[in-house]
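Subject: Handover of a structure and notes on its features

Dear colleague,

Please find below the structure that I am handing over to you. I would be grateful if you could look through it before reading the notes that come after it.

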Amino acid sequence: MNFQPFTDEQARVIVNLEQAYQVWMEALRTLNDLPYNMRIKEVSGREYLYEVTDRRGSMKSKGPVDPEKLVEFDQYKTEKAQLKDRLARSKDTLKEQASLYRALRLPLLPAEAGKILREADRLRFLGEQAMVVGTNALIAYALEANGFIRDAPDETLDFDMALTGLDANEERPTLWKVLKEADMTYSVNTERPFQARNAKAYEVEILSAPSRIGGQIAQDRPRPIPLPEQEWLLNGRRVDRVVGVRDGEAARMVAPDPRWFALQKLWMAAKPERAPQKQPKDRKQGIALLDAVWVAMRHYPLDEAFYEELPDALKPHFELWEANKPQRG
């Protein structure tokens, strides 16, 4: 296999990027949890405190201004100013670390994918309701392995996400809100209703395990097609990493357990209905990732206990890999 460990400097920057991102995201979420704005407005000769609820200027009254309302208004203004300052400073630190990450030629996520993941994280949709299941996940796996997985192609012009929420909940953010916050030009592909596409022709495909299809509320979109093989990706322990993005930003990525992801890739490569153009890439990714898990991700054991967990459909692929697995130090 062709696995190259990161240098100490690369590993240090990866850790620093994650810390900087977490501080920035915490500040961003806290600021977003505040009312969009507050305003004192005179109505019929009397002052009222209003909460501005969105960027369009929609408002709801909090009642006539009195000493308590004035304290609330002043506290809001002070807290918001402090949070904006904290957000700006944390953003500067994040930009600096992202620049170092890029300079060290570490694996980078496409800009459009980064925008979606940042919004999904800000809205607390990522991890709780969705994870990355396509080729882009290889970037998170490389960081988890602390090295370049050279044999696994990771360039892609689209972005695959799987919905993982168990129960529909009208109060939580929708997938459609995530996409629109990332880019207002996203629209559903009428010919492939499980896919959205923006003005730059960047495609986002939404997948789901049959057991999680009911976790999406009825009016949300795109609507995924339930795929039985997506059930495998719900098993094990997910990878959760902050990665650099080609636009100089960073994004958090949550991806399936690398062992199950790799074996699903090998199963897809052998699937007769799979497009012939995709089969070689699936096979290379599956083998390279299992090799990397064996060599560098020992916290994801590839042992007898794991083998016994596998369904019959995946066991032959594990056995074939095991017969040819690389040596490790």
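The notes below describe the pockets, the cavity, the sheets, a helix pair and some backbone features. Please keep in mind that this is a predicted model.

The largest pocket holds about 900 Å³ of space. Its lining consists of 27 residues, and those closest to the centre are Asn32, Arg55, Arg122, Lys177 and Glu181. By residue class, the lining of the largest pocket has 16 charged, nine nonpolar and two polar residues.

The second largest pocket holds about 720 Å³ of space. It is lined by 25 residues, and Asp160, Glu205, Met268, Arg274 and Lys278 lie nearest its centre. Here the elements that give two or more residues to the lining are β8 (158-163), β11 (203-208) and α6 (258-269). The lining of the second largest pocket divides into eleven charged, eight nonpolar and six polar residues.

**Cavity**

Rolling a probe the size of a water molecule over the atoms shows where empty space is left. How many cavities of 30 Å³ or more are there? The count comes to one, and the space in the largest cavity is about 90 Å³. The residues lining the largest cavity are Phe125, Gln129, Leu163, Gly165, Asn169, Arg172, Pro173, Thr174, Gly215, Gln216, Ile217 and Asp220. Of these lining residues, six are polar, four are nonpolar and two are charged.

**The sheet of β2, β3 and β4**

Strands of a sheet pair through backbone hydrogen bonds, either parallel or antiparallel. Three strands, in the order β2-β3-β4, form an open sheet with antiparallel pairing. In this sheet β2 and β4 are the edge strands, each pairing on one side only. On average, neighbouring strands of the sheet are turned by 35° against each other, direction ignored.

Strand β2 (residues 37-43) pairs with strand β3 (residues 46-52) in the antiparallel sense, over seven bridges. Along this pairing, Arg39 stands opposite Tyr50 in β3, and Val43 has Arg46 in β3 as its bridge partner. The two strands form a hairpin with two residues between them. In the turn of that hairpin, Ser44 has a positive phi of about 55°.

The pairing of β5 with strand β13 (residues 239-245) is parallel and spans two bridges. Leu109 has Val245 in β13 as its bridge partner.

**Helices α6 and α7**

Two packed helices are described by the angle between their axes and the distance between the axes. The axes of α6 and helix α7 (residues 279-296) come within 8 Å and cross at roughly 150°. Are the two helices roughly parallel or roughly antiparallel to each other? An angle over 145 degrees counts as roughly antiparallel, and α6 and α7 are therefore roughly antiparallel to each other. The crossing of α6 and α7 is left-handed. As described above, α6 is also one of the elements that give two or more residues to the lining of the second largest pocket.

**Backbone features in loops**

Two loop residues may also interest you. The peptide bond from Arg221 to Pro222 is cis, with omega near -5°. Pro222 is found in the loop between β11 and β12 (225-226). Arg124, a residue other than glycine, has a positive phi near 60°.

With kind regards

How values were computed
Residues are numbered from 1 along each chain as its sequence is written. This is a predicted model: local features need pLDDT of at least 70, side-chain atom pairs count only at pLDDT 80 or more; totals for chains, interfaces and linings use all residues. Side-chain values use heavy atoms; hydrogens and water are left out. On a 1 Å grid over the protein atoms alone, a cavity is a set of points where a 1.4 Å probe fits but cannot get out, and a pocket is an open set with protein on both sides within 12 Å along at least five of seven lines; lining residues have an atom within 4 Å of a point. Grid points are joined across faces, edges and corners, and a volume is the space filled by probe spheres set on the points. Ala, Val, Leu, Ile, Met, Phe, Trp, Tyr, Cys and Pro count as nonpolar, Asp, Glu, Lys and Arg as charged, and the others, Gly among them, as polar. Helices (H or I, at least four residues) and strands (E, at least two) are DSSP runs, numbered from the N terminus. Two strands pair if DSSP finds at least two bridges between them. Axes are lines fitted to C-alpha atoms, for helices over the stretch in contact, and angles run from 0 to 180 degrees between N-to-C directions. Angles under 35 degrees count as roughly parallel, over 145 as roughly antiparallel, 65 to 115 as roughly perpendicular and the rest as oblique. A crossing is left-handed if the near helix is turned anticlockwise from the far one by less than a right angle, and right-handed if clockwise.
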